[in-house]
Amino acid sequence: GEERERERKKERERGKEMVKKGCISELEKLAKLWGSFKGRDQTLRFVQYGTRFLRGVLEKTTRDDAAIRILNQSLHVNFMNSRRAFRVVGSLTPLMGVINGPTDPLCLSSSTLSSLHRASCLCQCLWHWIDHIRYLTVIRWLDPALGVRCKRLSFSFHTLGRILMVVYFYLLLSTVKKQRKRKERARGDGSERGKEDGKWELEKEYFVTVHLVKSVMDVFTFAHVSELLVTSDIVCGGLGALSSIIDLRFMYRSLKL
């Protein structure tokens with residue numbers, strides 16, 4: 001009986017140690033995620049569009065919640081301006097995309113996919129550059145009235161860039177599916193290596209599908225902000241927050257300690 005009790009105690013200790021290591025590992029991954037610019041930006045973006053969504057919900061209510069609305073709007077504006085300040089040199093990443101083009105081997109063999117990717121990156125650059133001018137209106141270095149025009153123009157380019165990415169991911173998804181089916185027919189032996197290759201191809205297909213859906217969501221989000229297609233704060237904020245969750249999820253999964 002004593003020996004069995006000692007074994008149970010050792011198992012409990014091993015379990016506690018595994019939980020402890022797992023928690024530390026997850027915390028390390030979170031620290032790495034939020035230690036990166038993109039990780040922090042997407043987290044702030046989630047809060048920014050979450051407060052926009054909440055603003056839309058509060059507008060639908062009839063009860064007296066003026067204090068909550070004021071606090072929510074204050075949080076929304078401050079997070080929005082914080083992200084705008086952080087993006088001052090953010091155009092370098094899409095600029096490199098314009099210069100170098102896509103890195104995916106499937107895109108390198110397709111001039112259409114490569115052109116769509118470069119054109120979308122160019123729209124991203126224009127969004128950043130015009131938004132920098134808008135930031136100067138926020139800090140009162142330029143006429144604040146110019147800020148409204150800059151907002152509409154910059155997010156119009158952002159919307160166009162997302163539309164191009166919808167087409168890009170749609171064509172890429174079609175290419176990935178055709179490649180997977182061609183390889184399945186070529187393998188046809190059910191070997192372990194073939195199963196591993198098939199699993200990787202399905203994961204890539206899933207990745208492209210999710211980003212196609214995400215790009216569609218971004219189109220509606222930025223079309224509302226640019227006033228090209230006005231929907232509501234609930235739609236814009238909800239889709240924007242969900243888009244950030246998708247980005248954070250893929251970033252978190254790709255982290256290696």
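Analyst: Contact means heavy atoms within 4.5 Å. The model is predicted, so local features need pLDDT of at least 70 and side-chain atom pairs count only at pLDDT 80 or more, while totals for chains, interfaces and linings use all residues. Residues are numbered from 1 along each chain as its sequence is written, and side-chain values use heavy atoms, with hydrogens and water left out.

User: Which residues does His128 touch, not counting residues up to four places away in sequence?

Analyst: His128 lies in helix H6; helices are DSSP runs of H or I with at least four residues, strands are runs of E with at least two, and both are numbered from the N terminus. His128 is buried at a relative accessible area of 6%, where buried means under 20%, exposed over 50% and partly exposed in between, with a 1.4 Å probe and protein chains only. Leaving out residues up to four places away in sequence, its contacts are Arg87, Gly90, Ser91 and Pro94.

User: How far apart are the end C-alpha atoms of helix H6?

Analyst: H6 covers residues 111–138, 28 residues in total. The expected span is 1.5 Å times one less than the number of residues, which gives 40 Å for H6. The end C-alpha atoms agree with that, being apart by 40 Å.

User: How many disulfides are there?

Analyst: A disulfide is a pair of cysteine sulfur atoms within 2.5 Å. Cys121, buried at 11% relative accessible area, is in none, as its nearest cysteine sulfur, that of Cys125, is 7.0 Å away. The sulfur of Cys123 is 9.2 Å from the closest cysteine sulfur, in Cys125, which is too far for a bond. By the distance rule, the number of disulfides is zero.

User: Which residues of H3 and H6 make the contact between these helices?

Analyst: The axes of H3 (residues 66–86) and H6 come within 10 Å and cross at roughly 125°; axes are lines fitted to C-alpha atoms, for helices over the stretch in contact, and angles run from 0 to 180 degrees between N-to-C directions. That makes H3 oblique to H6, since angles under 35 degrees count as roughly parallel, over 145 as roughly antiparallel, 65 to 115 as roughly perpendicular and the rest as oblique. The contact is made by Met80, Asn81, Arg84 and Ala85 of H3 and by Asp131, Arg134, Tyr135 and Val138 of H6.

User: Are H2 and H9 roughly parallel or roughly antiparallel?

Analyst: H2 (residues 37–60) and H9 (residues 233–254) pack with their axes 7 Å apart, at an angle of about 155°. H2 and H9 are therefore roughly antiparallel.
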